[in-house]
Amino acid sequence: MTITLEQLAHKIGAQLRGDGSQTVIGCASLEEAGPEHVSFLANRKYANQLAASRAGAIIVCPDDADQADDRTLLVADDPYFAFRQAMVELHGWRQQPVPGISELAYIDPSAVIGELCTIRPFAYIAPRATIGKRCIIYPQCYVGKDSVIGDDCVIYPNVTIYAGCVLGDRVTVHAGCVIGQDGFGYATHNGKHHKIPSAGNVVIEDDVELGANCAIDRATVGSTVIGKGTKLSDLIAIGHGTTVGQHNLLVAQVGLAGSTRTGDYVAMGGQVGVAGHLTIADHVQLAGKTAVITDIPDKGQYGGIPAVPLQQAKRNALATSELPGLIQDSQRIKKRLEKLEALLHDRLTPD
């Protein structure tokens, strides 16, 4: 859509500095934006692109606004959120299909389907499944028996929801996710691994979003829980019996072993691994590739293998990069000591 900067500033809660009658049609990065676009600066790493950007207007924080007086600006206390609001206003959300149930979908007669749902061809809704109002189920999805899906959920293609799992309201599950497969539970006895039945389920609370190809094990007993408002990126594995707190952010390829418990507002960078039966406190931030092998009882930033406070992890990484030189130095010192010992031995040994 086309909108004036004055109108856009009002809608995103920003202060306009410049010509409010100028129109824009979309959002773009600082590097790619043209005069018809709005861009933003939320990371100081990209501040050097500010002067060269051709953007019609740039969303900035008050501190950065003072360094760009010659530009048309939209000044906001939280420029990244303001940019999000501009994206919603100018681009909107993905267009979803109109409500309706395809004749090519299979819905068991005992299943309950809410009003204004969309169920696309080749979706399978098993016995006694319950789907709330205004849900969208894309092709090739499997919704297992006795499972429950709340209102306003979107289940993208090729998602598998095993029997008895529960999704709250406004849950988004992207393509290829598997919810409720058996947990990785075996008892080793007399040299063989004996499978333990997975009698529990998975509970996904309201406003959760799962990226593509996530896998969430059902609990052996009880529930594996993904807390309200939590967002998972792609390719994340959640072990059986784990409880992920509310409003967590988990980046791609995170792996949580079984019976892990995270607090609220925990953030994990890519490829973080957490051993089983551990507890992580509220407001913990884990840098990418961190390996957590003990409880983290206090909020803060952590990194490294194994996890330590982030500043210590950085010092450890720096020290590791210096190891080749230290090894060479130690080898030279060793050779000199051997020569000195030999010389001293010759001098002290009587003829």
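Student: What places tyrosine 142 in strand β15?

Tutor: Tyrosine 142 belongs to β15, residues 142-143; strands here are DSSP runs of E, at least two residues, numbered from the N terminus. This is a predicted model, where local features need pLDDT of at least 70, side-chain atom pairs count only at pLDDT 80 or more, and totals for chains, interfaces and linings use all residues. Residues are numbered from 1 along each chain as its sequence is written, and side-chain values use heavy atoms, leaving out hydrogens and water.

Student: Why is tyrosine 142 called partly exposed?

Tutor: Buried means under 20% relative accessible area, exposed over 50%, and partly exposed in between (1.4 Å probe, protein chains only). Tyrosine 142 has 35%, so it is partly exposed.

Student: And why does threonine 230 count as buried?

Tutor: Its relative accessibility is 0%, so threonine 230 falls under the 20% limit. You will find threonine 230 in the loop between β27 (223-226) and β28 (231-232).

Student: How do you know that threonine 230 has a polar contact with glycine 245?

Tutor: A polar contact is a pair of N or O atoms within 3.5 Å; within protein, one must be able to donate a hydrogen and the other to accept it, and residues adjacent in sequence count only if both atoms are side-chain atoms. A polar side-chain atom of threonine 230 lies 2.7 Å from the backbone oxygen of glycine 245, within that cut-off.

Student: What makes β37 and β39 a pair?

Tutor: Pairing needs at least two bridges found by DSSP, and β37 (284-286) and β39 (300-303) have three, in the parallel sense. In one of them, valine 284 is partnered with glycine 300 of β39.

Terms used: Helices (H or I, at least four residues) and strands (E, at least two) are DSSP runs, numbered from the N terminus.
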